[in-house]
Amino acid sequence: MNIPGGTPSLKLLWLSTEPGIQVRRLDALLACFDLSSLKEELQALESPFQALCCLLIYLFVQVDALCLEDLHAFIAQALCLQEKSTAQLMDLQLDHVDPRAVQLGSLLVRGLTTLVLVNSACGFPWTAADFMPWNLFDGKLFHQKYLQSEKGHAVAVLVEQNRSRLTTFHTLKSIVCKACVKENRPVVSRRHWRAHHSGRWGRQGSSSHRTSSGHSQSGQGQHWRDQGPGSRQHEPDQWRRY
């Protein structure tokens, strides 16, 4: 990993009390996700959205099958969750259950679990409580936002006509999309994909993970988590049924 000052030892990350150690801990965490260049932009965000942004960037760079509508749903549900009571979440009613939304929700929670472990390994540069799943993700609320995004609802609808949330939404979206473009992985709308493919949408990556050699191995439950940052290979699009 390319870390300012070199890769620190675990002893230093866990036990040191020297001035500036928190900076080195954060540098180590961002390097794990290959996001060192975005340090200033991430630090400008409020908690817990630094961690969410970090995770979304990593997921959208690694997983080809994620699209703009998915990003909208992920961000909107995290923003709306902050002000939802337990009773409100329980009372949510869904038109139907979409298997893909369930799978995406599982992917995000697995990612949050990995982020918790990386944060711990690096000596807690971020407060772990800020990005516990119950502070950033609710399955039913995500499902609602996913279905709305699928139907083409405006962002203002996704954030429930809240102006403050709308501003934060565009800030988070801008950071994620900018980072993905740098990695030659622009986040595009599913409608853009459909314009080039008459079958059901989907690109290689939704049910596969990439190895360091650039090949893909299909299989449920094996996604980006086995891969290190930078392993994504930019290969010609190969359309595959989701």
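Q: Where is Ala129 found?
A: Keep in mind that this is a predicted model. Ala129 is partly exposed, with a relative accessible area of 46%. As for its place in the chain, Ala129 sits in the loop between α7 and α8 (133-136).

Q: What distance separates the C-alpha atoms of Ala129 and Ser47?
A: Along the chain, Ala129 and Ser47 are 82 residues apart.

Q: What share of the residues in the protein chain is buried?
A: A residue goes into the buried class when its relative accessible area is under 20%. The chain has 242 residues, and the buried ones make up 49%.

Q: What percentage of the contacts with a separation of 6 or more comes from residues 24 or more positions apart?
A: Take the contacts in the protein chain with a separation of 6 or more. Residues 24 or more positions apart account for 71%.

Q: Which residues of α11 meet α5, and how does the contact divide by class?
A: The crossing of the two helices, α5 and α11, is right-handed. From α5 come Leu68, Leu71, His72, Ile75, Ala76, Leu79 and Cys80, and they meet Arg165, Thr168, Phe169, Leu172, Lys173, Val176 and Cys177 in α11. By class, the residues of this contact of α5 with α11 divide into 10 nonpolar, 2 polar and 2 charged.

Q: At what angle do α5 and α7 cross?
A: The axes of α5 and α7 come within 12 Å. Their crossing is right-handed. As for the angle, α5 and α7 cross at roughly 60 degrees.

Q: Which residues of α7 meet α5?
A: On the α5 side, the contact uses Asp70, Phe74 and Gln77. By class, the contact of α5 with α7 has 3 nonpolar, 1 polar and 2 charged residues. The partners in α7 are Arg100, Leu104 and Leu108.

Q: Which residues of α9 make the contact with α7?
A: Helix α7 (residues 99-121) and helix α9 (residues 139-150) have axes that come within 10 Å and cross at roughly 125 degrees. α7 passes α9 in a right-handed crossing. From α7, the contact draws on Arg100, Ala101, Val102, Leu104 and Gly105. From α9, the residues are Phe142, His143 and Tyr146.

Q: How far apart in sequence are the parts that Glu41 and Lys178 tie together?
A: Glu41 forms a salt bridge with Lys178, and the closest N and O atoms are 3.6 Å apart. Glu41 is partly exposed at a relative accessible area of 25%, and Lys178 is partly exposed at 40%. Glu41 lies in helix α3 (residues 39-43) and Lys178 in helix α11, so the parts tied together are 137 residues apart.

Q: Where is Lys84, the salt-bridge partner of Glu160?
A: The side chains of Glu160 and Lys84 meet at 3.1 Å, N to O. The two are 76 residues apart, with Glu160 in the loop between α10 (155-158) and α11. Lys84 is in the loop between α5 and α6 (86-90).

Q: Is Arg165 buried or exposed?
A: Arg165 also pairs with Glu160 in a salt bridge, the closest N and O atoms being 3.3 Å apart. Glu160 is partly exposed, with a relative accessible area of 31%. Arg165 has a relative accessible area of 10%, and under 20% counts as buried, so Arg165 is buried.

Q: Which residues are linked with Glu160 in a network of salt bridges?
A: The structure holds 11 salt bridges. Some link up into a network, and Glu160 belongs to it. The residues linked with Glu160 there are Glu83, Lys84, Lys145 and Arg165.

Note on methods
Residues numbered from 1 in each chain as written. Predicted model: local features only at pLDDT ≥ 70, side-chain atom pairs only at ≥ 80, totals over all residues. Heavy atoms only, no water. Left-handed = near helix turned anticlockwise from the far one by under 90°. Helix = DSSP H or I, 4+ residues; strand = E, 2+ residues; numbered from the N terminus. Contact = heavy atoms within 4.5 Å. Nonpolar A, V, L, I, M, F, W, Y, C, P; charged D, E, K, R; others polar. Salt bridge = Lys/Arg side-chain N within 4 Å of Asp/Glu carboxyl O. Buried < 20%, exposed > 50% of the residue type's maximum accessible area, 1.4 Å probe, protein only. Axes fitted to C-alpha atoms, helices over the stretch in contact; angles between N-to-C directions.
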